[in-house]
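Biologist: Please pick one part of this model and look at it closely with me. What does it pair with, and where do its side chains go?

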Amino acid sequence: MSVSRIPIKLVIDGIGTAEGELIRLKSPRTTDAILKALPIEGMSALWQDEVYFDIPIKMGNEKSSPTVEKGDLAFWPMGSAFCIFWGETQPYSPVNLIGKITKNLELFEKVTSGTKIIVEKK
């Protein structure tokens with residue numbers, strides 16, 4: 001396992017499991033804070049082609065970006081939320097990029113508001 005790329009799995013209640021990786025180089029302080037908090041669990045909210053949920057992390061902007069790519073994982077400082085961008089969309093406001101979904105991205109299309117998601121180390 002690489003120190004800079006940490007494999008994770010995202011268990012989507014009633015839908016399935018996706019895989020991804022946290023990439024420390026994108027936002028090291030934010031990524032480390034999330035790693036220390038794992039496993040984390042939240043109830044999903046939806047915005048365009050994005051699934052997000054509140055997590056117990058408070059961080060400011062770190063190498064924040066106003067744009068994302070399909071499959072990006074990010075932390076949204078304004079809402080203290082973990083974000084999964086599954087489609088062609090852009091964040092509401094700048095996010096700290098923290099990783100990528102590597103397997104089963106299409107599962108997030110099936111998520112509805114209030115779906116439980118657990119993020120844990122793989």
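**A close look at β1**

Modeller: β1 and β9 pair in the antiparallel sense over 5 bridges. The model is predicted: local features need pLDDT of at least 70, side-chain atom pairs count only at pLDDT 80 or more, and totals for chains, interfaces and linings use all residues. Residues are numbered from 1 along each chain as its sequence is written, and side-chain values use heavy atoms, without hydrogens or water.

Strands are DSSP runs of E, at least two residues, and helices are runs of H or I, at least four, all numbered from the N terminus. Two strands pair if DSSP finds at least two bridges between them.

In β9, V119 is the bridge partner of L10. β1 also pairs with β2, antiparallel, over 8 bridges. There, R5 stands opposite I23. The two strands form a hairpin with 3 residues between them, and G14 in the turn has a positive phi of about 75°.

Now the side chains. In a regular strand they alternate between the two faces of the sheet. In β1, I6, I8, L10 and I12 point to one face and are buried (under 20% relative accessible area; exposed is over 50%, partly exposed in between; 1.4 Å probe, protein chains only).

L10 touches residues including F82, I84, F108 and V119 (contact means heavy atoms within 4.5 Å).

Definitions and conventions
Lists of a residue's contacts leave out its neighbours within four places in sequence.
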